[in-house]
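Open the model in your viewer and keep the selection tool at hand. The stops below say what to pick next and what is there.

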2 protein chains.
Amino acid sequence: MPVFLDTADTDFETRFATLLAAKREDSPDVDAIVAGIIQDVRTRGDAAVTELTAKFDRIELTAETMRVSADEISSAIAQVSADDRAALELAADRIRAYHIRQMPQDDSWTDEAGATLGWRWSAVSAAGLYVPGGLATYPSSVLMNAIPAKVAGVERLVVTVPTPDGQINPLVLLAADLAGVDEVYRIGGAQAIAALAYGTETIAPVDKITGPGNAFVAAAKRRVFGKVGIDMIAGPSEILVIADADNNPDWIALDLMSQAEHDESAQSLLITDDADFGRAVAQAVDARLETLERRAIAGPSWRDFGAVITVRDLDEAAKLSNRIAPEHLELCVADPLALSEKTIHAGAIFLGQFTPEAIGDYVGGPNHVLPTARSARFSSGLSVMDFVKRTTMSQMTPQALRAIGPSAEALAISESLEAHGLSVRVRLDALND
Amino acid sequence: MPVFLDTADTDFETRFATLLAAKREDSPDVDAIVAGIIQDVRTRGDAAVTELTAKFDRIELTAETMRVSADEISSAIAQVSADDRAALELAADRIRAYHIRQMPQDDSWTDEAGATLGWRWSAVSAAGLYVPGGLATYPSSVLMNAIPAKVAGVERLVVTVPTPDGQINPLVLLAADLAGVDEVYRIGGAQAIAALAYGTETIAPVDKITGPGNAFVAAAKRRVFGKVGIDMIAGPSEILVIADADNNPDWIALDLMSQAEHDESAQSLLITDDADFGRAVAQAVDARLETLERRAIAGPSWRDFGAVITVRDLDEAAKLSNRIAPEHLELCVADPLALSEKTIHAGAIFLGQFTPEAIGDYVGGPNHVLPTARSARFSSGLSVMDFVKRTTMSQMTPQALRAIGPSAEALAISESLEAHGLSVRVRLDALND
């Protein structure tokens, strides 16, 4: 049973705070093991990577077979059904069209003092994308990570994907191909992250690493952060649905279950202004849980972390939503756009009853890599911005230096940084001669 | 003596690689101590903060005196000279004018399928700015951190600044006042970071923490990352000057020293296409090091980490610059704009001989918080973007769902996520009824 809360209850605040603070994930402490693996890859390169791959993935690689060849990619892609290919192509096209609009613009202007200022954006030269192997290998995630990188202009985009017992998902290779990935290596775990960050004889190092992974991968990303850039460390998925009574309870139940089926630690929340509707949704969830293929995952998620919260009105719903700062927020109400103006802390918002969150996972266009664990309060989903960086530009004329240089000198002196001040002063003196 | 390299030398590549790999900073391992402090503040709140402040800063605080009062701020500001105030005001105005242009735009559009897509930016609600106390307290850094936050629309901006033995720099309080900071607390170290991240009885928690600090502060920021957002962990400062022979060696020497005087671990590099000019600059540095106030810092920095590199031409200079990916890059050449098109990996570029880097530290307008340690390959300086986050928006019409829903369903099935597919299917079936 999920928890049922009502803002009218006297103990609501306590119970809501407990819900917010619930620790949904116990990351095993693998940091020491990961540190050893990274050091091993830094020291021994390919030899370490192939040994670790033999140990963890039960396949024997050489420097030559570590990379998935163009022929292998072609023949894997040929196995994909026409329907699956068409669906993946539609997704890729829509994701690309959305992300192209994210490209930031350069700017340059000359101000009143005569200073020419501005900035210029440029792409990260090389990026690595970690793709999980085995069961949780999602071709859609390959598109969501790789397309923004290529839209940004990343020249060299590398995928690593472990292939336990040699198994690889043809759809993952098709997604990589559609997205324009340049190199694919059949390695995984902390050893793949180390190879991407530090390079080996076979794999040149990259500047930025993105993509989801298990506890070992997450710990490795934290460790190489600084040497390379990384994306966020994603936690278990979450959805908050705000729905009024004018909805089909079964539709909302399925939306809740579409997060719950990801992971036993996923969290599905419903806020409604109608307690009867909330109970109807909970009943619809129970009914769906009797037959859902992944009920062994979705059931515990809903039981342990699910909640149905009844509020007095939608303003109250918006306030609670901002405290939750959900990764995914569905607004199934009469005027979803108006409500969305108030729900400012959310990774992605889905407006209206015809926008189930699953649309955003695949074909909507926006990215499905989104901030979890309340981090939408301060961070954003993956985007083109993760693969570009900004260089600021300044050019003074003699006139501009005369106008603002003395203030720089005064501040340098106040901070006891004499050379800073002198570097301005010698130029001012030359101009005044 | 700094190292002298020439790309024409046979051992250049080896020596340049050594220069790039030089470890300039040995961070003491304070992680265990910091973990204890954070736990203590989480458990005991104000009591822990005041005890730790008594221990480290030798001042006795209470919950009431922890915050710097409006009266104290006013009377401190009254001590600032008119010249210093004018300089700080000019800096604040110019930094604000630059950062206002960085505000990102919302977008919304309806595509061919009938889907309305877009995104919306919103400010982080509350941010904390760590300001170092004691010697390295820089009012300019207060402006550089606080102004972007306020331009972004952060409602509640909190400064923590330790006041060892009760000392506080009036210019820091003036900078905070000019920038619109809302609360100032006289606490520092890991205990201040913990108080900002988790809150105490007196200090409400924030969502994002920025600002420089010592090893304890840096370790604490790493630890609270995830609970709150943080900016980069800054390393020692760096400058690369690319200069041809048509420059005054003393000007370039002072620019190099303006980084070297920050820190013994700072790095100042010169690349020139004229070996004689390189020697002339090195001589000018030696002459300046005889009298410079901070020669005890600048001298070791130049000796241990400085370098003069002679190249065949400016194309070669640009290639080396991109491998260095400097925090600050000065282009003192005949056509700096043309050269800047090739030097894409840099935090900030200063064009021409009348733009000493010190202008950018204070009054240029661009931010002086910039990526160090080669991280300009993948990251950018501080900006308004650090204090906003993006929510993606999607709204399907029945028509749009009919157009793209089946592809989402196909991909969900291929990924074995049945509830995802069903959440689309039930809506499509209802539309087809």
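**Stop 1: a pair on helix 17 of chain B**

Select B:D429, which is partly exposed at 36% relative accessibility. Here buried means under 20% relative accessible area, exposed means over 50%, and partly exposed lies in between (1.4 Å probe, protein chains only). This is a predicted model, in which local features need pLDDT of at least 70, side-chain atom pairs count only at pLDDT 80 or more, and totals for chains, interfaces and linings use all residues. Residues are numbered from 1 along each chain as its sequence is written, chains are lettered from A and ligands numbered from 1 in the order in which they are written, and side-chain values use heavy atoms, with hydrogens and water left out.

A salt bridge is a side-chain nitrogen of Lys or Arg within 4 Å of a carboxyl oxygen of Asp or Glu. Both residues lie in helix 17 (residues 418-432) of chain B, four residues apart, about one turn of the helix. Helices (H or I, at least four residues) and strands (E, at least two) are DSSP runs, numbered from the N terminus. B:R425 is partly exposed, at 24%.

**Stop 2**

Over all chains the structure holds 47 salt bridges. Select A:D93 and A:R96: their closest N and O atoms are 3.5 Å apart. They sit three residues apart in helix 5 (residues 82-100) of chain A.

Next, pick B:D165 and B:R58. This salt bridge has its closest N and O atoms 2.7 Å apart. It links distant parts of the chain, 107 residues apart. B:D165 is in the loop between strand 5 (156-160) and helix 7 (170-179), and B:R58 is in the loop between helix 3 (46-57) and helix 4 (70-78). B:D165 is partly exposed at 48%, and B:R58 is partly exposed at 49%.

**Stop 2: the annotated positions**

Zoom to A:D361, in helix 15 (residues 357-362) of chain A. A:D361 is buried, at 7%. Its contacts (heavy atoms within 4.5 Å), leaving aside neighbours within four places in sequence, include A:Q259, A:H262 and B:H420.

Where is A:H420? It is in helix 17 (residues 418-432) of chain A, and it is buried at 1%. Beyond neighbours within four places in sequence, its contacts include B:H262 and B:D361. The A:H420 side chain reaches the backbone oxygen of B:S258 at 3.2 Å.

**Stop 3: the interface**

Show both chains. 115 residues of chain B are in contact with 115 residues of chain A. How many salt bridges are there between chain B and chain A? The count is ten. One to select is A:R377 with B:D207, at 2.6 Å, N to O.

**Stop 4: a loop in chain B**

Finish on B:V369, in the loop between helix 15 (357-362) and strand 14 (388-395) of chain B. B:V369 is buried, at 15%. B:G381 is twelve residues away in sequence, and 5.5 Å away in space, C-alpha to C-alpha.

Key:
Polar contact = N/O pair within 3.5 Å; in protein donor to acceptor, adjacent residues only side chain to side chain.
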